[in-house]
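The tour goes from the whole chain to single residues.

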Amino acid sequence: MGYDFFAFMDRMKYIKRWQLMRSVREENIMEHSQQVAMFAHVLAVINNKVYGGSADAEKAVLYSVYHECSEVMTGDMPTPIKYFNNSIHGAYKELEDKACDKLLNTLPEELRGELALSVKPDCDSLEYKLMKAADRLAAYVKCLEELRCGNKEFLKAEKSIKKDLLSRKMPEVEYFFEKFIPSFNLTLDELEGME
């Protein structure tokens, strides 16, 4: 008998993000998850090395790798619809949860418990909060990329995502904004120090 879990995960590359918006460059949930994993990792490192915290960087990364996996069954629900009201948001969370259960059931039983720890994370943990912040940082960076290309479609999203991120009062996020965000507005020549 074959097990389908990783064939489903491979389909993440077909699920497009930002479906309601015109994008200069399309983005899929597989590449998005990789960026979120990098950002969550560095947020955990910042938490530990700069602020003396005790974040589990590996757990934050694993949460990030799998944070969109339910969308191989549900598709990507646009944020304005997903958060339109509590009733819709609750129903969508329930649908995501059922999709995760269905995916976990496509694994051999002896692997399910271990992978479930990442596919269905502890939503009260610091690592989950770091992953969620990293998810929003990735969305913010996408907005900057689109704006840099002259796509004003992302202007409102950039402002609201920045406000959301800074309202979280997470020192790791503020550190990331100060140290790393300015570089996302540079050209390759500027990054390499060439004029």
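Colour by charge. The chain carries 27 positive and 33 negative side chains. Lys and Arg count as positive, Asp and Glu as negative; His and the chain ends are not counted. The centres of the two sets lie 5 Å apart, with each charge placed at NZ of Lys, CZ of Arg, CG of Asp or CD of Glu.

Before you go on, note that this is a predicted model, where local features need pLDDT of at least 70 and side-chain atom pairs count only at pLDDT 80 or more, while totals for chains, interfaces and linings use all residues. Residues are numbered from 1 along each chain as its sequence is written, and side-chain values use heavy atoms, with hydrogens and water left out.

**Whole chain**

Switch to cartoon. You get 11 helices and 0 strands. Helices are DSSP runs (H or I, at least four residues), strands are E runs of at least two, and numbering starts at the N terminus. The C-alpha atoms fill a box of roughly 60 × 40 × 35 Å along the principal axes.

Now show the surface. The accessible area is about 11300 Å², with 54% of it on carbon and sulfur atoms; the method is Shrake-Rupley with a 1.4 Å probe. Buried residues make up 40% of the 195. Buried means under 20% relative accessible area, exposed over 50%, and partly exposed in between (1.4 Å probe, protein chains only). Of the contacts (heavy atoms within 4.5 Å) between residues at least 6 apart in sequence, 69% join residues at least 24 apart.

Select 57–66, which is α3. Its buried residues are A57, A60, Y63, S64 and Y66. They pack against α1 (5–10), α2 (29–49), α7 (109–119) and α8. At the start of α3, a side-chain oxygen of D56 comes within 3.1 Å of the backbone nitrogen of E58.

Step on to H67, in the loop between α3 and α4 (71–74). Is H67 buried or exposed? H67 is buried, because its relative accessible area is 19%. Its side chain makes a polar contact of 3.3 Å with that of H32. A polar contact is a pair of N or O atoms within 3.5 Å; within protein, one must be able to donate a hydrogen and the other to accept it, and residues adjacent in sequence count only if both atoms are side-chain atoms. Beyond four places in sequence, H67 is in contact with H32, S33, V36, M131 and D135.

Then pick E68, in the α3–α4 loop. E68 is buried at 7%. Its contacts beyond four places in sequence include M12, R17 and I29.

**Helix α8**

Select 126–148 and find C143. C143 is buried, at 0% relative accessible area. Leaving out residues within four places in sequence, C143 contacts W18, F154, A157, E158 and I161. C143 and E153 are 8.9 Å apart, C-alpha to C-alpha.

**Last stop: F184**

Go to the loop between α10 (171–179) and α11 (188–191) and select F184. F184 is partly exposed, at 25% relative accessibility. Setting aside residues within four places, F184 touches F39, V141, L144, R148 and F176. The C-alpha atoms of F184 and E145 are separated by 7.5 Å, across 39 residues of chain.
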